[in-house]
Amino acid sequence: MYSNLDDNNDDHDLAIWIACKKFEEMYPKETQPEWLKYCMSVKIAKKQNKNWVIQMVLLPKPKLKQNQYWHWEDDGIPILIEVDSITEKKSVVICGGSAIELEVFFEVEVNLSTEMAKVLRNIDPNKLDGTKYEINRH
């Protein structure tokens with residue numbers, strides 16, 4: 001009944017598997033920085049030519065103003081606090097500015113008919129500073 005949907009999910013999963021295999025060929029797990037598994041996410045999209053583009057991405061930490069800091073709630077959710085420099089009154093920052101762009105450090109285009117992965121972007125994760133990226137919370 002849902003065979004097309006299942007085939008699409010299978011293609012999606014296979015494309016991710018091929019991309020991850022290519023990444024691990026270039027950067028075996030034992031050579032990857034420890035922080036990477038906590039910060040990395042994967043984005044995937046299907047192109048018009050039916051190839052899949054898989055991106056391995058990192059979210060840079062936001063740059064805080066001098067009068068801002070993170071307050072961590074008991075549930076692990078951070079709240080951005082701003083302190084008025086004159087009154088020293090604290091307030092919650094609802095919007096800290098425009099969204100921070102994801103940083104793509106590895107990108108491949110996967111052709112499922114040939115099971116080939118063409119590397120489109122490659123930045124060695126060992127050359128990145130892990131302290132500059134957010135830890136995934138989901």
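**Aromatic cluster and overall fold**

The protein has an accessible surface of about 10100 Å² (Shrake-Rupley method, 1.4 Å probe; for residues, only the protein chains shown count as cover), and 52% of this surface belongs to carbon and sulfur atoms. This is a predicted model, in which local features need pLDDT of at least 70, side-chain atom pairs count only at pLDDT 80 or more, and totals for chains, interfaces and linings use all residues. Residues are numbered from 1 along each chain as its sequence is written, and side-chain values use heavy atoms, with hydrogens and water left out.

**Fold**
- The order from the N terminus is α-α-β-β-β-β-β-β-β.

**Packing**
- Among contacts (heavy atoms within 4.5 Å) with a separation of 6 or more, 57% join residues 24 or more positions apart.

**Aromatic rings**
- There are four aromatic pairs in the structure, a pair being rings of Phe, Tyr or Trp (its six-membered ring) with centres within 6.5 Å; planes under 30 degrees apart count as stacked, over 60 as edge-to-face and the rest as tilted.
- Phe23 and Tyr27 make a tilted pair, 5.3 Å centre to centre with 45° between the planes.
- Phe23 and Phe105 are edge-to-face because their planes stand at 75°, with the ring centres 6.0 Å apart.
- That pair links distant parts of the chain, with Phe23 in helix H1 (residues 3-26) and Phe105 in strand E6 (residues 103-111), 82 residues apart.
- Phe23 and Tyr27 are buried, and Phe105 is buried too.
- Ring pairs join Phe23, Tyr27, Phe105 and Phe106 in a cluster.

Note on methods: Buried < 20%, exposed > 50% of the residue type's maximum accessible area, 1.4 Å probe, protein only. Helix = DSSP H or I, 4+ residues; strand = E, 2+ residues; numbered from the N terminus.
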